[in-house]
Amino acid sequence: MIRFFDSTGLVKAMVRQERGHEQAASLLGEPADGQLGFATARIAVLEALSKIWRITRSKVELAKLERHFDKFSFYEVDVDYVLALELIVKMSLKGADAAILAAAAGISRRDRLWVQFVSADPLQLKAARRLSRHDRLRVVSLPTGLA
């Protein structure tokens, strides 16, 4: 199984002021059996770093996120264009959000793995739930907003 974080999931896991921080941070823990991998899209990392900087103005907080990167696999946004476009048109996702979700769905389709998709974005979560009807996606919903 892969636990795939979008940018909102990464921010929640790193910033204590975020509502749902403890839940999100606990998702970065690895089970003892080692059967869980962590992944994200490179663009999600940039979005998360940008948001963390805007919230905290702390290089310490940026470094905290970067320390976790050694356990992550990174995916370029070479996503299924048709799926990303469908998410934009049918679900009203922003371009980067559609690309990130399409990357997660692509992993489940290509590698036939279960992917836990971790997000706090309501529209992205709704789209992920729709995809989960046919793809090997499990949706992990985090609360929105600051604590």
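**View 1. Lys126 on the surface of the predicted model.** Lys126 is exposed, as its relative accessible area is 52%; exposed means over 50%, buried under 20% and partly exposed in between (1.4 Å probe, protein chains only). This residue belongs to helix 7, which spans residues 122-132. Helices (H or I, at least four residues) and strands (E, at least two) are DSSP runs numbered from the N terminus. The model is predicted: local features need pLDDT of at least 70, side-chain atom pairs count only at pLDDT 80 or more, and totals for chains, interfaces and linings use all residues. Residues are numbered from 1 along each chain as its sequence is written, and side-chain values use heavy atoms, with hydrogens and water left out.

**View 2. A patch of positive charge.** On the surface, Lys126 gathers with Lys90, Arg130 and Arg133 in a patch of positive charge. Patch residues have over 30% relative accessible area and no salt bridge, and like charges are joined within 9 Å. A salt bridge is a side-chain nitrogen of Lys or Arg within 4 Å of a carboxyl oxygen of Asp or Glu.

**View 3. Phe38 in strand 2.** Phe38 is placed in strand 2, residues 37-41. With a relative accessible area of 2%, Phe38 is buried. Between the C-alpha atoms of Phe38 and Val60, which are 22 residues apart along the chain, the separation is 22 Å.

**View 4. The chain as the setting of these views.** The chain holds 7 helices and 5 strands, in the order β-α-α-β-α-α-β-α-α-β-α-β from the N terminus. Of its 147 residues, 48% are buried.

Key
Patches are made of residues with over 30% relative accessible area and no salt bridge: like charges are joined within 9 Å, nonpolar side chains (Val, Leu, Ile, Met, Phe, Trp, Tyr) within 5 Å. Accessible areas come from the Shrake-Rupley method with a 1.4 Å probe; for residues, only the protein chains shown count as cover. Lys and Arg count as positive and Asp and Glu as negative; His and the chain ends are not counted. The place of a charge is taken as NZ of Lys, CZ of Arg, CG of Asp or CD of Glu.
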